[in-house]
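Q: I am new to this structure and would like to learn how to read it. Where do we begin?

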Amino acid sequence: MTTVQPTSANFWNDTGKTGITSWIFSTDHKRIGLLYFYSTLGFFLVGVLLGLLLRIELMAPGRTIMGPETYNATFTVHGVVMIFLFIIPGMPGAFGNLVMPIQIGARDVAFPRLNLFSWWLYAIGAVIVLTSLFTGGGPPDTGWTFYVPFSARTGTNVSLAVLGVFTIGFSSILTGINFVTTIHRLRAEGMTWGRLPLFVWSIYATAWVQVLATPILGITLVLIMAERILGTGLFDPGRGGDPIMYQHLFWIYSHPAVYIMILPAMGVISDVVPVFARKPVFGYKMIAFSSLAIAAAGSLVWGHHMFTSGMSDTAILVFSFLTFVVAIPSAIKVFNWVSTLYKGSISLEAPMLFALSFILLFSIGGLTGLILGAAATDIHVHDTHFVVGHFHYVMFGGAGFAFFSAMHYWLPKFYGRRYAEKPAIVAWALMFTGFNILYFCMMVLGLKGMPRRYYDYLPEFAPLNLVSTIGSWILAAGLVIMLVNLFRGLFRGEPAGSNPWGGATLEWSIPSPPPTENFDREPVVTHGPYDFTKAGVQ
Amino acid sequence: MAHEKATHHIVSYKNLFMVWLVLLSLTGLTVWVAHHNLGIGHVWGSLAIACVKSGLVVAFFMHMKYEGRLLRLLLFLALATLAIYIGFTFFDVLYR
Amino acid sequence: MNHAVHKDYSGAKLGMWLFLFTEIILFGGLFLLYAAYLSRYPREFTAAGQDMHVGFGTLNTVILITSSLLAAMAVTAIQRNERRNVLFLLGGTILSAATFLFNKYLEWSAEIGNGIYPGSPRLGNGPPGESVFYSLYYLTVGLHGLHVLIGGTLLAVVAVRVKRGTVHAGDFVLLENGALYWHLVDLIWIFIFPLYYLIL
């Protein structure tokens with residue numbers, strides 16, 4: 001790859017090694033970060049395609065382009081790809097790897113070879129998942145949640161798919177171990193906990209969730225395989241098992257998993273907003289603390305996915321109450337970001353546009369989460385399209401848009417070139433418009449009673465479904481423009497310089513692209529991450 | 001990078017041997033307790049003895065007694081997390 | 001841009017402990033199921049527990065505790081630069097691991113011979129709680145046995161490096177971490193033993 005700055009020695013060319021093996025066997029966190037970035041982005045596009053196909057099917061009542069079994073498989077694979085192959089590995093794996101070590105003043109992570117192994121596990125797991133789609137009984141049709149008893153009995157390729165997810169989960173665990181150790185042990189001199197960029201705080205909290213929650217996913221997936229292959233019957237009521245126990249185990253991981261998705265995203269926003277408002281972040285300590293609080297409280301609420309499952313009323317009460325508690329630290333972040341904007345000198349480049357829309361879209365998603373978290377109202381909207389609208393607002397409008405913000409904010413650092421701003425803004429506008437049309441309709445449909453994961457629906461739901469599908473096309477158009485513009489810029493755009501945005505965190509103090517060792521000399525940190533004056537960039 | 005003087009505390013063979021003897025005795029005790037009528041007390045009694053045994057293994061065989069506060073805190077965090085997973089599930093299991 | 005390869009002993013240990021936490025929680029999921037089903041089927045669990053081979057279980061407990069002692073002694077030995085002792089102690093640990101697995105093989109052969117295995121007709125015709133007990137037993141003990149195998153292999157790799165001299169008194173974190181993993185295997189069995197063999 002010689003399209004990048006040929007004149008400076010940087011991590012693209014200073015190791016003397018070339019070719020694909022210098023990438024897939026590299027232990028450089030920046031190369032590994034880009035490996036994660038491209039693989040997860042690739043799967044994101046696969047997931048988008050599946051989503052577009054789902055929307056075409058739902059455009060009109062009855063069969064449009066696929067039959068009911070295909071529909072079940074399509075939404076299952078859409079979910080599995082988006083959650084396990086894109087957003088969970090992508091946020092920590094891509095931007096955590098690329099940026100975090102530099103932000104703490106380190107040369108690399110604590111265990112660089114383990115880091116490479118993590119990516120290989122991800123790649124192997126992804127291949128296994130892909131294989132499951134085209135072999136045996138075909139792609140799984142259980143929904144990404146693999147609920148028993150159906151997942152224990154269906155003839156589709158559940159065991160192989162689940163083995164693939166297990167492998168990816170192991171990758172996630174190792175990344176978590178690596179990042180916790182890195183942040184504890186490799187901070188540069190003067191980089192106290194109180195001077196860490198908020199993105200690092202968010203990666204730290206995320207890493208803890210990866211370490212403590214993912215093993216439960218591991219054992220749950222093993223249990224599905226055991227049910228199918230060994231006939232253990234642990235969730236089979238006919239043999240003394242309890243299907244609700246599966247749901248407990250599944251959601252004990254999968255609820256904290258959504259915080260793996262959103263915490264790094266919030267960290268991106270916390271880094272971007274001060275830079276584009278030219279103002280230190282409001283309430284640094286509270287934002288840092290709230291990241292830990294979200295990780296902790298988010299581990300206590302999994303039962304809110306199970307209000308209609310047959311769980312005890314006591315459990316319903318406890319989990320509903322705690323769900324309201326976990327909303328508090330998220331709200332604190334929103335208040336602090338908005339307070340940072342107040343009297344700031346705001347410039348609306350692409351990273352900031354995506355960040356600002358994150359704040360709005362995440363808030364909508366979060367508030368609808370409260371409607372779902374209140375047990376009484378949940379009874380009405382559980383398993384309807386209201387849920388689908390809710391989680392797309394937080395996962396796509398939230399984590400997704402933050403991912404796009406991070407792409408525009410940080411990739412110029414690693415490629416040394418800039419994208420064109422105007423097409424990026426047009427792309428953002430199309431995406432923001434299309435997104436809201438696509439998903440707001442779903443929330444209305446859900447309240448009106450349209451179930452989720454149903455192949456067909458009542459004729460009265462047809463108009464909103466059509467509008468929603470049109471929204472998906474507008475969103476897709478924006479996505480295409482965004483990606484074409486971004487990559488054209490990264491490979492052929494104007495040189496970015498070391499600090500195109502005027503940031504005060506350590507990554508902006510080194511050349512773009514950075515050298516393999518990141519720093520000539522280990523930095524000595526003397527100011528906070530948003531102290532633009534002391535950093536000399538005000 | 002933190003350049004630390006590694007305080008490699010060495011646990012003597014004698015101390016390790018003593019811990020082993022205690023572990024064997026506790027094993028004998030737990031088998032003895034199981035064969036005497038205690039009803040459901042069996043489970044809690046066995047778990048209590050298991051906790052003591054594992055505490056000894058963690059403290060002396062795994063050197064936790066000689067490690068810093070951070071590692072002890074983190075172990076507590078992991079165990080507390082597991083306790084919550086099991087405990088909160090019982091809000092459901094016990095009250096159906 | 002030369003730099004000394006700096007090895008971070010405390011960092012390596014921290015990383016290992018974090019990995020052990022994940023193993024504790026992995027098995028924790030199975031213990032969660034055990035707890036839930038014990039509270040639902042106390043009598044069937046007790047009845048099934050009475051059919052378990054306490055002799056095998058106790059013997060294997062003693063074997064693992066002793067192997068843990070040997071592994072801990074190996075760490076002391078390497079700190080004292082007693083290389084030959086290290087190799088003997090590690091050898092003893094690995095031998096204990098093999099004996100444990102052999103005992104398991106004997107025990108399971110007997111049980112499977114008696115028609116006790118997941119999905120067996122005998123368990124299918126028995127009370128539901130009994131089938132649940134045995135399914136959990138096979139899964140938990142099986143997963144544990146896999147970890148015994150992994151731990152033994154890991155310690156064998158460490159022993160080779162001790163023999164070669166790449167693990168020594170000045171840099172033994174690999175041995176220490178290997179021993180930590182082995183102790184975890186012991187710890188899990190310390191809970192498996194009373195819950196499956198002494199529920200009487």
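A: Begin with a contact between chains: two residues are in contact if their C-beta atoms, placed from the backbone, lie within 7 Å. Between chain A and chain B, the contact takes 14 residues from chain A and twelve residues from chain B. This is a predicted model, in which local features need pLDDT of at least 70 and side-chain atom pairs count only at pLDDT 80 or more, while totals for chains, interfaces and linings use all residues. Residues are numbered from 1 along each chain as its sequence is written, and chains are lettered from A and ligands numbered from 1 in the order in which they are written.

Q: Which elements of chain A give two or more residues to the side that touches chain B?

A: Helices (H or I, at least four residues) and strands (E, at least two) are DSSP runs, numbered from the N terminus. On the side of chain A that touches chain B, the elements giving two or more residues are helix 7 (198-230), helix 8 (243-277) and helix 10 (313-341) of chain A. Helix 10 of chain A gives the largest share, three residues.

Q: How does that side of chain A divide by class?

A: Ala, Val, Leu, Ile, Met, Phe, Trp, Tyr, Cys and Pro count as nonpolar, Asp, Glu, Lys and Arg as charged, and the others, Gly among them, as polar. The side of chain A that touches chain B has eight nonpolar, five polar and one charged residues.

Q: What does the contact between chain B and chain C take from each chain?

A: It takes 37 residues from chain B and 35 residues from chain C. On the chain B side, helix 1 (13-34), helix 2 (41-61) and helix 3 (69-93) of chain B each give two or more residues. That side divides into 25 nonpolar, ten polar and two charged residues.

Q: How many helices and strands does chain C have?

A: Chain C has seven helices and zero strands. Its C-alpha atoms fill a box of roughly 70 × 35 × 25 Å along the principal axes.

Q: How is the packing of two helices described?

A: Two packed helices are described by the angle between their axes and the distance between the axes. Axes are lines fitted to C-alpha atoms, for helices over the stretch in contact, and angles run from 0 to 180 degrees between N-to-C directions. Helix 8 and helix 13 (residues 385-415) of chain A pack at about 45°, with axes 9 Å apart. Angles under 35 degrees count as roughly parallel, over 145 as roughly antiparallel, 65 to 115 as roughly perpendicular and the rest as oblique. Helix 8 and helix 13 of chain A are therefore oblique to each other. Their contact includes Ala265(A) of helix 8 and Ala402(A) of helix 13, and has 13 nonpolar, two polar and no charged residues.

Q: Where in helix 13 of chain A does a kink lie?

A: The bend at a residue is the angle between axes fitted to the seven residues ending there and the seven starting there. In helix 13 of chain A, a kink of about 35° lies at Tyr409(A), shortly before the proline Pro412(A). Just after this helix, Gly416(A) takes a positive phi of about 75°.

Q: Why does Val148(A) count as buried?

A: A residue is buried if 20 or more other C-beta atoms lie within 10 Å of its own, exposed if 12 or fewer, and partly exposed in between; C-beta atoms are placed from the backbone. Val148(A) has 24 C-beta neighbours inside 10 Å, so it counts as buried. Its place is in the loop between helix 4 (112-134) and helix 5 (150-153) of chain A.
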